[in-house]
Amino acid sequence: WYFRRTAYPVLELGLLRNRLFRTTVVGGTFFRLGTGAMPILFPLMLQLAFGLNPFQSGSITFATAVGAFAAKFVAEAILHRLGFRGTLVAATLVTTMGVAAMGVYSPQTPMPLMLSLLVVTGFFQSMFWTATNAFTFADIEDKDAGQANVISQVTVQITLACGVALGGGVLEAARLSHGGTPTLGDFHFAFWVIAAVALVSTVIFARVPAAA
């Protein structure tokens, strides 16, 4: 009887009635579903389809970390300039374009071009994380901040894992269509599919009020 009277739910889903919180959770879900597999699929493509060794692959993918690090120095200024809606729309759209661009890379793609696009992709992906970490609590009262944080973090971990499963599943389905090992075309198809999923987040964040 005591526990029935005093127990609280681990996840207070009623907080999803708050429009901005709900938008951030749903929009972020599509974004992470579309980008969750990127850190795995891209280096795998470099090794299996480009013929690079793990060190060479890692040296290229490191470019996204450079962009992500650079974003932290200007994130606050960009948020003040564009607002949360503008920042989230730009961050999700440019990151989605970066994922789609991975669907056209080939061993003949100039390395400076590839590295530049990876830096830009990492920059805007980092802007998304910075913006949503704050925007999650835009219309949440202080007393509900703990519960909102739990829902947000649980959603992040689940959707990132599902994003890896989605990207890997699409790649495997493409491979099974012809048998053998994954080809460059299989990776390209996988990137286009997950980019299409991530693009849904741009549409969702575009509907956020400009003054939010």
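Predicted model: local features only at pLDDT ≥ 70, side-chain atom pairs only at ≥ 80, totals over all residues.
Residues are numbered from 1 along each chain as its sequence is written, and side-chain values use heavy atoms, with hydrogens and water left out.

**Exercise 1. Salt bridges**

Find how many salt bridges the whole structure holds, and describe them.

Solution. Start with the criterion: a salt bridge is a side-chain nitrogen of Lys or Arg within 4 Å of a carboxyl oxygen of Asp or Glu. Searching the whole structure with it gives two.

Take Arg175 and Glu172, whose side chains are bridged at 2.7 Å, N to O. Both belong to helix H6 (residues 145-176), three residues apart, about one turn of the helix; helices here are DSSP runs of H or I with at least four residues, numbered from the N terminus. Next, check accessibility, where buried means under 20% relative accessible area, exposed over 50%, and partly exposed in between, with a 1.4 Å probe and protein chains only. Arg175 is buried at 17%, while Glu172 is partly exposed at 34%.

Now turn to the side chains of Glu141 and Lys143, which pair at 3.9 Å, N to O. Lys143 is exposed, because its relative accessibility is 65%.

**Exercise 2. Nonpolar cores**

Which residues have the most contacts inside the largest nonpolar core?

Solution. A nonpolar core is a set of buried Ala, Val, Leu, Ile, Met, Phe, Trp, Tyr and Cys residues joined through side-chain atoms within 4.5 Å. The largest has 22 residues, and Phe42, Tyr105 and Phe191 have the most contacts inside it. Two or more residues of this core come from each of H3, H4, H5, H6 and helix H7 (184-206). A second, separate core has 14 residues, among them Leu20, Phe31, Leu79 and Ala91.

To finish, look around Tyr105. Counting contacts as heavy atoms within 4.5 Å, and setting aside residues up to four places away in sequence, Tyr105 touches Phe42, Met45, Phe50, Met114, Leu117, Leu184 and His188.

**Exercise 3. Pocket and cavity**

Solution. First, the terms. On a 1 Å grid over the protein atoms alone, a cavity is a set of points where a 1.4 Å probe fits but cannot get out, a pocket is an open set with protein on both sides within 12 Å along at least five of seven lines, and lining residues have an atom within 4 Å of a point.

The largest pocket is lined by 13 residues, with Met38, Pro39, Thr61, Thr64 and Gln125 nearest its centre.

The largest cavity has 14 lining residues, and Thr24, Arg32, Thr136, Ser152 and Val156 are the closest to its centre. H2 gives the largest share, five residues.

**Exercise 4. A loop residue**

Where does Asp139 lie, and which residues is Asp139 in contact with?

Solution. Asp139 sits in the loop between H5 and H6. Beyond neighbours within four places in sequence, Asp139 contacts Asn18, Arg19, Leu20 and Phe21. Finally, Asp139 is partly exposed, because its relative accessibility is 24%.
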